[in-house]
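Take a look at the structure first, then work through the points below.

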Amino acid sequence: MKVAFIGLGNMGGHMSRNLAAAGVPLAVFDTVAARADAAVAHGAVLAESAASAVAEADVVVTMLPTPAIVEDVLLGAGGVLAAMPEDRLWIDMSTSVPEVAERVRARGAARGIRVLDAPVSGMTKGADSGMLQIFVGGDAADFEAARPLFDVMGDPERVLHVGGHGAGYAVKLMINQLWFVQLVAIAEALTVGVKAGVDLGVLHRSLVASPANSVLLERDFLPLLTAGDYDEGFAIALACKDTGLAVDLARSVKVPVEVGAVAEQVFRRARAAYGDLAGEMSPVKLYEDIAGIELRMEAAA
Ligand code: NAD
């Protein structure tokens, strides 16, 4: 199965390298050519354009920042869809929206172009280790056909077919939204507790031992609390994109999301304060700055 991989950033760089290292015949493209280096070192071929990357591919994978860029790469001038041979499969692993994929599907259907949405969770660490969670929306037969690729990039136990077209995007957006809401709530709780005089390590251990514990508190917060790592592997600009898309999705299905909307505003405030490239956990820094403290503790031995 020949694969073309487009978008080789913080996530796609690792994912494409893992495919190449697994021996998958691979053509890669990114507007920043140097981002192909890791995949090329493992045998991938760097294409001159997105269109030339897909010319001989059976499967086209995209891992791009925003829905607008996904649409431009697929349907814009010199776009990928027109360059794909008939009866091929496009898998969008970006965190995007069904509307864009639907427009591609509608335009490609006459030539037998099939589409899966397959966004991922697991941060850059999961992309690097090939242990991502992958949430796939689309036809079961296409999911099965692409399964060997998903199993290279993700943890086979957590590669899930979650429903029809668009279901993968919806699951992914709700995962992120729940994580973002929890992040803001945890930042508040830790900051208030420390300002009230509790040692951060004691507070953290107490919360982890309580019914209020979460994977985010117990695991994902540790690099920040022990080493000041706000996870620049996922830029706050993209986190704001995701929380905005989640609130848009809620609006489109007519469900009020007061808590999610507040979290979205906090994330936007952090982006305004610290810049587009600040890490996705920078909203915690807002609380640290307001309180005049840094939430830091010793790593457990
Ligand atoms: P990134 O910005 O690091 O990488 C995106 C890449 O796309 C860049 O290398 C950029 O040069 C390239 N690109 C932009 N426009 C292009 C075009 N027209 N043609 C070809 N290449 C183009 O982003 P990322 O962190 O790798 O995230 C990619 C997607 O995965 C996003 O939708 C994001 O929301 C999602 N995601 C990210 C993480 C994470 O931890 N970083 C985790 C899960 C999901």
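A polar contact here is a pair of N or O atoms within 3.5 Å. Keep that cut-off in mind, and remember that this is a predicted model.

- Arg 35 uses its side chain instead, with a polar atom 2.8 Å from an oxygen atom of the ligand.
- Gly 233 has a polar backbone atom 2.9 Å from a nitrogen atom of the ligand.
- On its own the ligand would expose 830 Å², and the protein buries 88% of that.

**Who's around the ligand**
- The ligand has 27 residues around it, and the closest are Met 11, Asp 30, Arg 35, Gly 233 and Lys 241.
- Sort that shell by class and you get 14 nonpolar, eight polar and five charged residues.

**A nonpolar patch on the surface**
- Val 253, Val 255 and Val 257 make up a nonpolar surface patch, with about 220 Å² of accessible area together.
- You'll find Val 255 in the loop that links α13 (236-252) to α14 (258-274).
- Is Val 255 buried, partly exposed or exposed? Val 255 counts as partly exposed, because its relative accessibility is 44% and that class runs between 20% and 50%.

Methods. Residues numbered from 1 in each chain as written. Predicted model: local features only at pLDDT ≥ 70, side-chain atom pairs only at ≥ 80, totals over all residues. Heavy atoms only, no water. Patch = residues over 30% accessible without salt bridge, like charges linked within 9 Å, V, L, I, M, F, W, Y side chains within 5 Å. Areas by Shrake-Rupley, 256 points an atom, 1.4 Å probe, with all protein chains shown as cover. Salt bridge = Lys/Arg side-chain N within 4 Å of Asp/Glu carboxyl O. Helix = DSSP H or I, 4+ residues; strand = E, 2+ residues; numbered from the N terminus. Buried < 20%, exposed > 50% of the residue type's maximum accessible area, 1.4 Å probe, protein only. Near = heavy atom within 4 Å. Polar contact = N/O pair within 3.5 Å; in protein donor to acceptor, adjacent residues only side chain to side chain. Nonpolar A, V, L, I, M, F, W, Y, C, P; charged D, E, K, R; others polar.
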